[in-house]
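This report looks at one residue and its surroundings, and then turns to the aromatic rings. Please keep the sequence and the structure in view while reading.

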Amino acid sequence: MTIQPVTTTQTLTADRSWLASLHGSDSVDSITLDMSTLTSGTHYVPSTDTDIPYSRVLSGIPVGKITASGLYGLYKTDATDGRQNLAGFVFAEVLFAPSQTKVPAALLWHGSVKTAKLPVTVTPVAPSAICQIRFV
């Protein structure tokens, strides 16, 4: 048997046009996303590469903290598991294997956000103790 190592490089340009300023981007929090709350093609881009099948969570996805697990999932105003409280936004795109159920990410929890530039529709909410976002 012969093993041939393969090296590949992938360059991603993050779309952070939704940021109104860099304020808050220097102090993001580390979180873990519960991928079962996100939808392929809407909240993350599924992989089309068969050699290195990594999907990617979009930058700017709004998330809330799931009370029971401590994981973060898609923010939904009608949720009853803690995700009805906006915790912030996924700051940077995150690559993950399609079979992963938990994915590490960076959370922007304070700063300014351009609502019209977010990858999904979000109704602005008032700043709270856990999320200090100003919507413009």
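## Gly88 and its surroundings

Once its neighbours within four places in sequence are left aside, Gly88 is in contact with Ile61, Pro62, Val63, Leu107, Leu108, Trp109 and Cys131. The model is a predicted one, and in it Gly88 is found in strand β6.

Gly88 has a relative accessible area of 0% and is therefore buried. Although Gly88 and His110 are 22 residues apart along the chain, their C-alpha atoms are separated by 7.3 Å.

## Aromatic pairs

A pair of aromatic rings is described by the distance of the centres and the angle of the planes. Three aromatic pairs are found when the whole structure is searched. One of them is formed by Tyr44 and Phe96, an edge-to-face pair with 5.3 Å from centre to centre and 75° between the planes. This pair links distant parts of the chain, since Tyr44 lies in strand β2 (residues 44-45) and Phe96 in strand β7 (residues 94-96), 52 residues apart. Tyr44 and Phe96 are both buried.

Phe89 and Phe135 have ring centres 6.2 Å apart and planes at 70°, so this pair is edge-to-face. Here too distant parts of the chain are linked, with Phe89 in strand β6 (residues 88-90) and Phe135 in strand β10 (residues 132-135), 46 residues apart. Phe89 is buried, as is Phe135.

## A ring cluster and a charge over a ring

Through ring pairs, Trp18, Phe89 and Phe135 are linked into a cluster. Elsewhere in the list of ring features, the charged end of Arg16 sits over the ring of Phe91, at 4.3 Å from the centre of that ring.

Notes:
Residues are numbered from 1 along each chain as its sequence is written. This is a predicted model: local features need pLDDT of at least 70, side-chain atom pairs count only at pLDDT 80 or more; totals for chains, interfaces and linings use all residues. Side-chain values use heavy atoms; hydrogens and water are left out. Rings of Phe, Tyr and Trp (its six-membered ring) pair if their centres lie within 6.5 Å; planes under 30 degrees apart count as stacked, over 60 as edge-to-face and the rest as tilted. Helices (H or I, at least four residues) and strands (E, at least two) are DSSP runs, numbered from the N terminus. Buried means under 20% relative accessible area, exposed over 50%, partly exposed in between (1.4 Å probe, protein chains only). A charge sits over a ring if NZ of Lys or CZ of Arg is within 6 Å of the ring centre and within 35 degrees of the ring normal. Contact means heavy atoms within 4.5 Å.
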